[in-house]
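This report describes one protein chain, residue by residue where that helps. The sequence and structure come next, followed by notes grouped by element.

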Amino acid sequence: MNRNIDDIISSVSHGTTEEDIPRTGSKSKLFDKETYAQKKQSERETLFAMIDDTATAIVYDDVSFKNYLDVVSRFDKYSVANTLLIFAQKPTATKLADAEHWKNENVYVKKGQKAISILGPGEKYTGTDGTEKTGYKVRKLFDIAQTTAPKASENPLQYDSKLVLTAMIKDPPVPINLSENMREGVNAAYEHRNKIIHVRPGLDGNTAIRCVSQELAQAFLAKDIPQDAEYNRMIQSTYSHCISYILCKRTGVDTSNFNFKPVIASLKNMNGEQIRGVLDHMRDITNNMWSHMRETLNPPAKTINPDKTAEMR
């Protein structure tokens, strides 16, 4: 039995580089303003269409979906809409900022690099229902690979498995207990009737993280469902499998055994809006778990995206 891992579990038992802004001295300021507004509206509409198209494209096959989740794992501050836009334009991106930010860091965008367009909060306006709403504006970002910054290390950030597991099960939504009576082939299981997670003793660190994270996700998903209510863990496994993968990628845990074919099968018949709804719910649970983990992990500042305002609300 791996006493170190078991002790941890037992402890909780019970484009362009700048905006194309109209210049002074134009022949017709009114014409320029209208043209500029029309151009920006066209850009926004193009991005909205790209978001929906990409949402349906990522469920075409399991490789595309895994690659999208890799983008999510690197950009925890971004909305689903913007991670879809990043995936569509530069799926290998690792660190994004606008040209001005890079310039302030004494780093410059290389000549000829195409900006990555995302959506950010724009001006407020009054909707037809009389309520105040916030519009969106197009923001142009560049990946660090498009700049003169030194090439970043390709080695992913890794944490000690005991630290990751400790962070993961701190203040869990349900009790976590070691159990010698697990079914063959099952290393961890969330039991909704008693709202408890059972874990097989003797697991190595990475295996414990992978299976416990999935069952914790199940518990978070079922948090507001009464114990005597029906709970279909097979439906929720679409979320829990992906959430576990993202958390493992962020902490350097091996993800080679993850299989997304069942996830793809459950999403293929959905339209873009429905897929985005699934991705949004997945993001909420993932961020909830990740925020708890970061309090213990305290990741280095370089792992936090510098462009905190880039998120589309």
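## Trp 102 and helix H5

Trp 102 is found in helix H5 (residues 99–104). Helices (H or I, at least four residues) and strands (E, at least two) are DSSP runs, numbered from the N terminus. The model is predicted: local features need pLDDT of at least 70, side-chain atom pairs count only at pLDDT 80 or more, and totals for chains, interfaces and linings use all residues. Residues are numbered from 1 along each chain as its sequence is written, and side-chain values use heavy atoms, with hydrogens and water left out.

Trp 102 counts as buried because its relative accessibility is 3%; buried means under 20% relative accessible area, exposed over 50%, and partly exposed in between (1.4 Å probe, protein chains only). Leaving aside residues up to four places away in sequence, Trp 102 touches Lys 95, Leu 96, Ala 97, Val 107, Val 109, Phe 142, Asp 143, Ile 144 and Thr 147. Contact here means heavy atoms within 4.5 Å. Leu 141 is 39 residues from Trp 102 in sequence, and the two C-alpha atoms are 9.8 Å apart.

## The E1-E3-E2 sheet

Three strands form an open sheet in the order E1-E3-E2, with antiparallel pairing. Its edge strands, each pairing on one side only, are E1 (96–97) and E2 (116–126). Two strands are taken to pair if DSSP finds at least two bridges between them.

E1 is joined to strand E3 (residues 132–143) by two bridges, and the two strands run antiparallel. Ala 97 has Phe 142 in E3 as its bridge partner. Both Ala 97 and Phe 142 are among the residues that Trp 102 touches.

## Helix H4

H4 lies across E1 and E2, running at about 150 degrees to E2. Axes are lines fitted to C-alpha atoms, for helices over the stretch in contact, and angles run from 0 to 180 degrees between N-to-C directions. H4 is mostly covered, with eight of its 10 residues buried. These are Val 80, Ala 81, Asn 82, Thr 83, Leu 84, Leu 85, Ile 86 and Phe 87.

Helix H4 (residues 80–89) also packs against helix H10 (residues 272–297), at an angle of about 110 degrees and with the axes 10 Å apart. H4 is therefore roughly perpendicular to H10; angles under 35 degrees count as roughly parallel, over 145 as roughly antiparallel, 65 to 115 as roughly perpendicular and the rest as oblique. From H4, Val 80, Ala 81 and Leu 84 meet Arg 276, Leu 279, Asp 280 and Arg 283 of H10. The residues of this contact divide into four nonpolar, no polar and three charged. In this grouping, Ala, Val, Leu, Ile, Met, Phe, Trp, Tyr, Cys and Pro count as nonpolar, Asp, Glu, Lys and Arg as charged, and the others, Gly among them, as polar.

## The E4-E6-E5 sheet

A further open sheet of three strands has the order E4-E6-E5 and mixed pairing. Strand E4 (176–178) and strand E5 (188–191) are its edges, each pairing on one side only. From one strand to the next, the twist averages 25 degrees. Helix H7 (residues 205–221) packs on this sheet and touches E4, E5 and E6; its direction makes about 10 degrees with that of E5.

E4 and E6 pair in the parallel sense over three bridges, and Leu 178 has Val 199 in E6 as its bridge partner. Four bridges join E5 to strand E6 (residues 196–199), and these two run antiparallel. In E6, His 198 is the bridge partner of Ala 189, and Ile 197 is that of Tyr 190. The hairpin of E5 and E6 has four residues between the strands, and Lys 195 in the hairpin takes a positive phi near 50 degrees.

## Val 263 and helix H9

Val 263 lies in helix H9 (residues 261–267). Its relative accessible area is 3%, so Val 263 is buried. Not counting residues up to four places away in sequence, Val 263 touches Phe 65, Thr 238, His 241 and Cys 242. Ser 237 is 26 residues from Val 263 along the chain, with 8.1 Å between their C-alpha atoms.

## Whole chain

The secondary structure comes to 10 helices and six strands. Of the 313 residues in the chain, 45% are buried. The chain exposes about 17100 Å², of which carbon and sulfur atoms supply 48%; accessible areas come from the Shrake-Rupley method with a 1.4 Å probe, and for residues only the protein chains shown count as cover.
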